[in-house]
Amino acid sequence: MRWLSLQSAHITSSPALDGVVLLLLSILPLILGACLARLDQRLSVEDPNARRALVGFYDVERNPTDVYRWSRPEAALFLFGFDGRPAQVMMRLAAPRDTADPPMVALSMRGRSVGAFVVAPGWRRYSLLTPTDPAGDTPLMLRTAAYRPSGDERDLGVALSNVAALPIAGSEWLPPVRTIFLASFPLLGWLLLARRAPHLASAGMQARLRWGIVALLAALGGLAAAFPTESGYLLPTLGWPWWPLLPLTLTIVWRLAHPLLTRIPVRLRAIKPSVAWGGAALTLTLVIALRLGLPPVFGMTGLIAAVALTVVALLQNDRLTSDLAEQPTPYIEALALAAITSAALVLRLYRLDDLPSGMWRDEARHGLLALRIWNDPAYRPVYVVAGADLPALLFYLMAPVLAITGPGVGAARLVSAVAGALMPLALWWAARPILGVRAALYGAAFLAWASWGLSMSRWAFPATLDHLLELTAVGVMWRALRQLVRWRAMAGMALAGALAALAAYAYHTGRLAPLVFATLTAVRLGCDAGAWRRALPALGAAAIAGVIVLLPLLMFIASDFEGYNRRTGAVAISNAQSLDKRTVALVLDNIARYLGMWHVAGDPNGRHHAPGAPMLDPLTGTGFAIGVGLAIAGWRSGALTPLLWLALALIPGIFSTNAPHAMRSLGALAPSCMLAGIALDALVGSARIAGAPQRFTAPAVVAGALIASLVFNIWLYFGAMPRNPAVYNEFDQTETAVGRVARAAATTNDPRLRAVQVFLDRRLIERDTVRFLTSDLTVGVFDGMRLSEAVTGDALLILSPDAPDSERTAALAALGPTARELTPPLLPDGETPLFLAYGTGEGARRLLEETFALAQRGASFRGAHALH
């Protein structure tokens, strides 16, 4: 390779000669690799890499003679490295059944039937011939009638011991699609490096770099051809034919169009900032169109073009790209920050007790753990495996709140709500020294009312805690490294390191906080060797403080590594049970889903956000798109920092299942709002430079944009989401309503209502939400036939809405001859009862009516009353 690069540096550049050398470099390693390749796939179910190929299979089991895995009724065997060549697959299977009839297994590949056969009870080897896909993964599907043996709750298919897949005689030596795919990498590398790099000293250095990278890519292609099974898993032929056709086409077009594109900024100088604001308006139009259903291919292409137009127009003025002028006064900044923080607090505390309208069982479990910490001096967990699978910081913060207020929905959510309300303040704290005052304030405002942030902070979950600590740590770090006095720098960095480490005690994504902190610290110091030397004592202080804070968690990890990683391992992309794709394809699919999360389709889970709705409102989404463009274009020195931060924050989501996942990617919200703030700051700056009338209309436009963003998010979270069945059905509506009734009877000031005896269905009282809400109460139980104690006055008995008729009759009989069925509250649909209620005396009826008149403003109860 060195000889080739030296020779190419001395030879006069010739397109024909370059083409010949490039072709040889691309093809020869593939031919050599194909000569050395061993195209077969042999697998025992106990192999360490068995999970790569086997999907839909249970864990390894053993008997005295065999090792095997049971399949589920639907399972898949992935074949790697065949790339369109037919494969002979041999499987050792067994299917013992209690019944006389042996099962039939049907095999298919991408919907095409491959065959079907009966699997005997004992071990036998079965062989079949199957086609494979020339591009992408090849899953061989196995479908069997479900079988559940006595004493086993699993649905089983067949038992597999080992499998082998071999090529048939006469198979293609170099499959064409795979060959073109691997050969495209050196070609693309050559095209990208063909243009002279101005920072290199000579054309010879440029040639050596170009051909060295091309040779490296060609060698990697040869290795992929030599090890087809391993490379088929690690580097499948994905995206065909768009890859390599699209990147090659774009690279060639860019090289041809680059001279023309360089002239566009000169032509735009005379008409900016009108072009910038027009581009922003076009971007907003396309964001709204994507939200309304415009096909993503067209919408995202237009969005990129509109953002490019806006960014090019904004970058034409040196005053705009320089660090800021005309910043708000400290007084105005303080007022704006107070207003933003107040808005965030109000939006998170308003109707916290009943929006979301029901608790989720995990919220209740967290409340129970917090009460246990408060009541049991011997219980001091660092990480809770059983019942939570979470670090324990949230539970310690919830404990005093619940001890003072008692178990309640709003009380359980209070810590998370306050943490979410403080996040805009923390964003301002982190972003101000990086992006400037205006961008930080705009970003904080967008974060204060983002529906994504509201959804994540208005329930008893620690998702916001680690990001609050991370933002605070970054803000402290950025300021500490400015200190000229050594002890101040060391103290500041020690505090920053401790805060970043403390984030690991909040939520699973907090494990990433030390990495984010270290990366942004490196960005802050840059490539200045002197700055690194001066910062060494402060960096040491941060590392020591971080290790001290992490020490209890590290000790727990050493004692229970499996428990610490149980939840993250369960949702890891490598353990995904997708029957269509394997890890690399799933990661790329996740990346595509997260790229569309802001404007096309968000998290489908109604507990996390409005199902399927983009994660940002149209105004913030527009600012985010323009901010990404400005960061890529290098607008201001710190603009790239939130983009890097955003990429790091997406790591937990990209490498786990159920993408896009609002909770695992919540760390991306603050950098997204920073980028939106950058865009708004740039647009305002362009109007200020232009002078009147834009100088005076810009503040009105900014205020209108912020108000429109606020109104949209309020409508989405407080208007649309509570009425959406895909949202409220994700919460424990019945259990929460039952717990409210029990608490209302115990806490009311009305002596008549306090005297009402409350009895709950035995199935309800065992559920986590009811256990939490009644943890400090004594509640009667109905076991389906009789009550736990005698009725002495007014009494209320609550059954599950699906209780059988026999239990309904028994409930009336148990309450006595004066018992009657009462009108229950309804779900937000106004039709479905939350539970069944039976009572004696006027107090039982009043207790129901007053409980839900207060909690639901009476709407559901009055609707139910009208129906009766």
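Figure 1. Gly299, Leu303, Ala306, Val307, Thr310, Val311, Ala313 and Leu314 are the buried residues of H10. They lie on the same side of H10, because they cover an arc of only 155° around the axis, the arc being that of the directions from the helix axis to the C-beta atoms. The exposed residues Val297, Phe298, Thr301 and Ile304 are carried on the face turned away from the buried side of H10. Buried denotes under 20% relative accessible area, exposed over 50%, and partly exposed in between (1.4 Å probe, protein chains only). H10 comprises 19 residues (296–314) and reaches 26 Å from its first C-alpha to its last, close to the 27 Å expected at 1.5 Å a residue; the expected span is 1.5 Å times one less than the number of residues. Helices are DSSP runs (H or I, at least four residues), numbered from the N terminus. This is a predicted model, in which local features need pLDDT of at least 70 and side-chain atom pairs count only at pLDDT 80 or more, whereas totals for chains, interfaces and linings use all residues. Residues are numbered from 1 along each chain as its sequence is written, and side-chain values use heavy atoms, with hydrogens and water left out.

**Figure 2. Packing of helix H24.** Helix H24 (residues 583–595) has 13 residues. Its buried residues are Thr583, Ala585, Leu586, Val587, Asn590 and Tyr594. The buried residues of H24 pack against helix H6 (228–234) and helix H27 (651–654), where contact means heavy atoms within 4.5 Å.

**Figure 3. The salt bridge between Glu730 and Arg607.** The two side chains meet at 2.7 Å, N to O. The pair links distant parts of the chain, 123 residues apart: Glu730 is in the loop between helix H30 (725–728) and helix H31 (733–747), and Arg607 is in the loop between H24 and helix H25 (618–632). Glu730 is partly exposed at 27% relative accessibility, whereas Arg607 is buried at 16%. A salt bridge is a side-chain nitrogen of Lys or Arg within 4 Å of a carboxyl oxygen of Asp or Glu.

Figure 4. Glu735 lies in helix H31 and Arg767 in the loop between helix H33 (762–765) and helix H34 (768–773), so the pair ties together parts 32 residues apart in sequence. Salt bridges that share partners join Asp362, Arg365, Asp768 and Arg771 into one network.

Terms used:
Helices (H or I, at least four residues) and strands (E, at least two) are DSSP runs, numbered from the N terminus.
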